[in-house]
Amino acid sequence: MDASPAPLKLKTGLAEMLKGGVIMDVVNADQARIAERAGAVAVMALERVPADIRAQGGVARMSPVAKVKEIQAAVTIPVMAKVRIGHFMEARILEALGVDFIDESEVLTPADEAYHVDKHAFAVPFVCGARDLGEALRRIAEGAAMIRTKGEAGTGNVVEAVRHMRTVTSEMRRLTTLRPEELMRTAKDLGAPYELVRLVAQTGRLPVPNFAAGGIATPADAALMMSLGAESVFVGSGIFKSTDPEVRAKAIVRAVTHWQDAKVLAEVSEGLGEAMPGLEIGKIGEGNLLQTRGW
Amino acid sequence: MRAGVLALQGDFAAHLAALPAGATEVRTAAAIDALDLLVLPGGESTTMLKLLDGSGIEEAVRRLVARGGVVFGTCAGAILLAAEVRGPAQRSFGLIDVTVERNAFGRQVDSFEAVLEPDYPGVFIRAPRIRRVGPGVEVLARWKGEPVLVREGRVFAATFHPELTADRRVHGLVVAAVGTAREASAAR
């Protein structure tokens, strides 16, 4: 299986380095510099932040090449970028640009409704979204080196990220209680490869880092996701759609490190200005949900 | 021995698994003051520097070394410990007399695995390179002749990630130095 141009250890190794950090969505070099100055562990280049994609509609694609280069030149931290689900040519272009991590993301308009990218075929590592354990293990089997919750991006509403993280972790806990002969049936039910199901049953955790994303808007949201089992946090619209991005970005960085210390959380949660406007999930309408893209 | 891993950010969980049982995550200066061995993990050094601001942790690390404790930094941790940092220049603790260049192999697609001399497995991820080694610094491992694991007294630095492999020899060296430092202080 390991015909990949880079060993999985190097790919998950970079994901390990990003643990306990905040990965921030940016659309240009100025935002990337603000993110780095605030202590972001990486930046995510995209054409428009999720809240704008949601508001403006149209086809959301990979960030323009000039923007990716501008962001790479502006910061020394890793630069990630999003590709449409299944769009392995956008991924090849980002790999050629030397992007450090690729997010095959439901936030962009899917390019393929049947297949995700064969991520083993790349030297650059991939992160993919998941709503449950089966989806996470399918992406890992395809070569993803990091999993994140999908949540519901661009809403400033953490409820879906919470649901997805709780679902993945409780399904993993359940696997650890099963008898060996029960695992094949569970693999069938999850739609996930037996070997990965067996591995999770033994270890109680994913074989790659497990991060949170989708709707995180406050330091408290970030700390909540960490306490539910996230090893790092992605913040999309939550920073640059707030009234004071730099202050909020710094606060979320400290909240992720000190998520177990409520005194620090209280301290960093003060004087942040306004959070991004939030959206109720029920008012979005089934057809406008981003999390149902991909499988 | 009381061992801890600085858990502000990075692959601290991998180091905890590589250290003897009982090692803990530390996030404050007070917690470092209770240790004999501190590991500064891999991660993003710029992020760690922001989180260090105003925390008193840098001073606690200096106190640890001054009272005979052992410090080991890998990758970003090595960058924090260095005397001088380039590519670009940034603040560092100056606890080991080496000059380190950040991201000196390139981007993630340039990350690689190699066998070192002696034969430790070397996992290099967006790794820094040691560009200068001071006269008091001992080189403990090399890759293609260049230093990748160095030691000055009780301070160790590696540009690779022994914590990401199953080989525990490098952590073993560091842990053994705690014993030696204790005997030396007992003899005094």
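Strands here are DSSP runs of E of at least two residues, helices are runs of H or I of at least four residues, and both are numbered from the N terminus. This is a predicted model, in which local features need pLDDT of at least 70 and side-chain atom pairs count only at pLDDT 80 or more, while totals for chains, interfaces and linings use all residues. Residues are numbered from 1 along each chain as its sequence is written, chains are lettered from A and ligands numbered from 1 in the order in which they are written, and side-chain values use heavy atoms, with hydrogens and water left out.

Within β9(B), V133(B) stands opposite V98(B).

Next, display both chains. The contact (heavy atoms within 4.5 Å) involves 33 residues of chain A and 31 residues of chain B. About 2500 Å² is buried between the two chains, 60% of it on carbon and sulfur atoms; buried area is the accessible area (1.4 Å probe) lost on putting two parts together, summed over both.

Select D100(A) and R107(B). They form a salt bridge with the closest N and O atoms 3.9 Å apart, the criterion being a side-chain nitrogen of Lys or Arg within 4 Å of a carboxyl oxygen of Asp or Glu. Between chain A and chain B the count is two salt bridges.

Now colour α1 (8-17), α2 (29-38) and α12 (245-257) of chain A: each supplies at least two residues of the side that touches chain B. The largest share of that side, seven residues, comes from α1(A).

Finally, select S237(A), located in helix α11 (residues 237-240) of chain A. Is S237(A) buried or exposed? S237(A) counts as buried because its relative accessibility is 3%, the class being under 20% relative accessible area (1.4 Å probe, protein chains only). A polar atom of the S237(A) side chain lies 3.0 Å from the backbone nitrogen of A51(A). Leaving aside residues up to four places away in sequence, S237(A) touches several residues, including D25(A), G154(A) and M276(A).

Methods: Pairing = 2+ DSSP bridges. Buried < 20%, exposed > 50% of the residue type's maximum accessible area, 1.4 Å probe, protein only. Polar contact = N/O pair within 3.5 Å; in protein donor to acceptor, adjacent residues only side chain to side chain.
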